[in-house]
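Subject: Structure for you to look through

Hello,

Here is the structure I promised. Please open it and keep it beside this email as you read.

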Amino acid sequence: MSPSSRFQQSFVIFVLLVQVIWIANHMRWIANEQINPWKLGGYAMYTVPTSKDRIDISKISPSGETGPLDPTITYKFVEFLRGIERANPGRVFRCAPLEPRSLRVFFEENPLLRGVDLVFIFSGTRFSQDPVAMQKREQGRVQIEWLGDSNLVYKNLFCGNVETGEISWQ
Amino acid sequence: MAQGNLGSYLFSFYLRLTLAIAMLAAFLQKVLAGTYVDGTYIYWLSMQGSPTERLFSFACDLSAGVPCLAHKLISQFILLWQLSVGVLLLLGIRSLIFLTIEIGFLLGAGLFADEMNFQVLIIALLCVVFRVGMPAWLLLICLLLLVIDVFGVGYLFVEMMRYVS
């Protein structure tokens, strides 16, 4: 067998092995509910209905209670949602934290909300076998606490992981 | 084996194993989810799915709240079928019966999901896998399936029923 033929054979076997490893990893992610079953190869499509994901934003009062944003004010989410889509398209990775860049864009789009403590709640629907139903379930949340007019600290809480950081406008 | 023949053989070998791996992976994912073992997914689709996904709604009393035996058996049959297709592809057995099982699975899944374009692609790949070329009659069927796919089986079925009634 010529070296070229041997290379071709080895390459095919290598690609097949990569596929098997990828599928094994895909199964691990699915078992831990870390990704959308319909994505990244979609090997688990048609095992459960598609999740209807959403993001709710509430403000946090000084006493720590959450409440709705002022309904008389119009908010912009275009660049914020675009940033989320760029960083994690379709939120395929359900446990991925929200990037600080997206938060920065959010407050630049909505200067009226600067100084307001907020919580971003990421939720989706999950298929339940007993009872057979689609149930709303929180995937994670991001808590925002302002320290003065130009600094905030954020806390990403997704899938049991906690990640904190600070953003400042100078 | 000549260089060209080896390349052709390797390509069909690669496609065959890729399809087999994908089928077996889909089977394992269904077992992992458990929704086919207990029939809950088919039961759910029978209530909430698109018109074609409600294909098996006649088999059970949907108000019961739990999947009946028929939905469990249908789900487990789908599992077994997918496993069989994966194993047959893995073994590379060229037989009319096995090809019928494989293409039957594809068409059944395509009808259920109302998505024929993917099935046509896989049928074409199967022709490469088994190195048989696509006969004219199969090409015509595939083209017909693609035309049906433009509208969707569900839409055509609803329109047909409207016309009949």
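Below are my notes, starting with the ground rules and then going chain by chain.

This is a predicted model, in which local features need pLDDT of at least 70, side-chain atom pairs count only at pLDDT 80 or more, and totals for chains, interfaces and linings use all residues. Residues are numbered from 1 along each chain as its sequence is written, while chains are lettered from A and ligands numbered from 1 in the order in which they are written.

**Chain A overall**

Chain A has 3 helices and 6 strands. Both are DSSP runs, numbered from the N terminus: helices are H or I with at least four residues, strands are E with at least two. From the N terminus, the order is α-β-β-α-α-β-β-β-β. The C-alpha trace spans about 75 × 50 × 25 Å along its principal axes.

Buried means 20 or more other C-beta atoms within 10 Å of the residue's own; exposed means 12 or fewer; partly exposed is in between; C-beta atoms are placed from the backbone.

Now contacts. Two residues are in contact if their C-beta atoms, placed from the backbone, lie within 7 Å. In chain A, 46% of the contacts with a separation of 6 or more are between residues 24 or more positions apart.

**The sheet in chain A**

The 6 strands form an open sheet with antiparallel pairing, in the order E2-E1-E3-E4-E5-E6. Strands E2 (66-67) and E6 of chain A are the edges, each pairing on one side only. Two strands pair if DSSP finds at least two bridges between them.

Look at E5(A) (residues 151-158) and E6(A): 8 bridges join these antiparallel strands. A:Phe158 stands opposite A:Asn161 in E6(A), and A:Leu157 stands opposite A:Val162. The hairpin has 2 residues between the strands, and A:Cys159 takes a positive phi there, near 50 degrees.

Is E6(A) buried or in the open? The number of buried residues among its 8 (161-168) is 0, so E6(A) lies largely in the open. Helix H3 (residues 100-109) of chain A lies across E5 and E6, running at about 45 degrees to E6(A). For such angles, axes are lines fitted to C-alpha atoms, for helices over the stretch in contact, and angles run from 0 to 180 degrees between N-to-C directions.

**Chain B overall**

Chain B has 7 helices and 0 strands. Its C-alpha atoms fill a box of roughly 65 × 40 × 20 Å, taken along the principal axes. Buried residues are 27% of its 165. Among contacts between residues at least 6 apart in sequence, 61% join residues at least 24 apart.

In H5(B), the buried residues include B:Val120, B:Ile123 and B:Leu126.

**Where the chains meet**

21 residues of chain A are in contact with 26 residues of chain B. H1(A) gives the most to chain A's side, with 12 residues. That side divides into 15 nonpolar, 6 polar and no charged residues. Ala, Val, Leu, Ile, Met, Phe, Trp, Tyr, Cys and Pro count as nonpolar; Asp, Glu, Lys and Arg as charged; the others, Gly among them, as polar.

Most residues other than glycine have a negative phi, and most peptide bonds are trans. Here are some exceptions.

- A:Glu33 is not a glycine, yet its phi is positive, about 55 degrees. A:Glu33 sits in the loop between H1 and strand E1 (54-60) of chain A, and is partly exposed, with 14 other C-beta atoms within 10 Å.
- B:Asp114 is not a glycine either, and has a positive phi of about 55 degrees. B:Asp114 lies in the loop between helix H4 (96-113) and H5 of chain B, and is buried, with 20 other C-beta atoms within 10 Å.
- A cis peptide bond joins A:Asp130 and A:Pro131, with omega about 0 degrees. A:Pro131 is in the loop between E3 and strand E4 (132-146) of chain A.

Best wishes
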